[in-house]
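Here's a quick tour for anyone opening this structure for the first time. Take a look at the picture, then read on.

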Amino acid sequence: MRPKAKPSTATKKPTLRFEIRWKHFVKGFGYKLKKSEQGGGVRTVDFPRYATVNECLAEMKKLFFLNGQSRVGSVEDMEFRMADFKCEEIYFSDEFSPESYKKGIRSEEHTSELQSPCNLVCRL
């Protein structure tokens with residue numbers, strides 16, 4: 001008879017790591033990835049597990065819009081959304097958190113990465 005496994009005593013990290021990309025809407029072409037030299041690129045951020053949608057969006061804006069500005073304009077003049085790696089908008093419920101999002105994508109077979117991709121999509 002095998003001995004029973006001991007329950008895990010490890011505590012969860014208070015944050016979850018995400019890769020964030022900025023995709024900007026270009027009329028006639030759809031959402032296009034902003035390259036590093038254009039103020040975009042890929043950024044890695046650790047979100048608190050239970051951050052709200054607004055807290056996540058605020059942090060993402062800070063990553064790409066230094067002092068609320070970018071080469072394409074002001075944060076004030078843009079509309080922002082979060083989207084998955086397929087650029088499909090993430091629809092939020094009151095229960096949204098980075099942890100609930102990661103649990104959802106882990107259950108999909110196409111995701112086997114250590115870091116979850118997420119896009120900040122915006123349009124003027």
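A nonpolar core, as the term is used here, is a set of buried Ala, Val, Leu, Ile, Met, Phe, Trp, Tyr and Cys residues whose side-chain atoms link up within 4.5 Å. Buried, in turn, means under 20% relative accessible area. Keep in mind that this is a predicted model.

**The core**

With that in hand, start inside. The largest nonpolar core has 20 residues, and the members touching the most others are F18, I20, F47, F65, M82 and F96. Helix α1 gives the largest share, with 5 residues. As a general rule, nonpolar side chains tend to be buried together in soluble globular proteins.

Leaving out residues up to four places away in sequence, F47 touches P14, T15, L16, F18, I20, C56, E59, M60 and P98.

**The salt bridges**

Now for the charges. Side chains of opposite charge can pair when their charged atoms come close. There are 8 salt bridges in the structure, and here are some of them:

| Pair | N to O distance |
|---|---|
| E99 and R49 | 2.2 Å |
| K62 and E59 | 3.4 Å |
| R81 and E89 | 3.5 Å |

What does the pair E99 and R49 tie together? E99 sits in helix α2 (residues 98-106) and R49 in the loop between β3 and α1, so their bridge connects parts that are 50 residues apart in sequence. Both E99 and R49 are buried.

The pair K62 and E59 stays within helix α1, with the two residues 3 apart, about one turn of the helix. K62 has 57% relative accessibility, so K62 counts as exposed. E59, which also turned up among the contacts of F47, is partly exposed at 28%.

As for the pair R81 and E89, R81 is partly exposed at 25% relative accessibility, and E89 is partly exposed at 34%. Salt bridges with shared partners also join K12, R49, E99 and K103 into one network.

Finally, a word on confidence. The protein chain has an average pLDDT of 78, and 75% of the residues score at least 70. Confidence is highest in strand β3 (residues 42-48), with a mean of 92, and lowest in strand β7 (residues 116-123), with a mean of 60. Over residues 108-116 pLDDT stays under 50, and the model has 13 contacts beyond four places in sequence for that stretch.

Technical notes
Residues numbered from 1 in each chain as written. Predicted model: local features only at pLDDT ≥ 70, side-chain atom pairs only at ≥ 80, totals over all residues. Heavy atoms only, no water. pLDDT = per-residue confidence, 0-100. Helix = DSSP H or I, 4+ residues; strand = E, 2+ residues; numbered from the N terminus. Contact = heavy atoms within 4.5 Å. Buried < 20%, exposed > 50% of the residue type's maximum accessible area, 1.4 Å probe, protein only. Salt bridge = Lys/Arg side-chain N within 4 Å of Asp/Glu carboxyl O.
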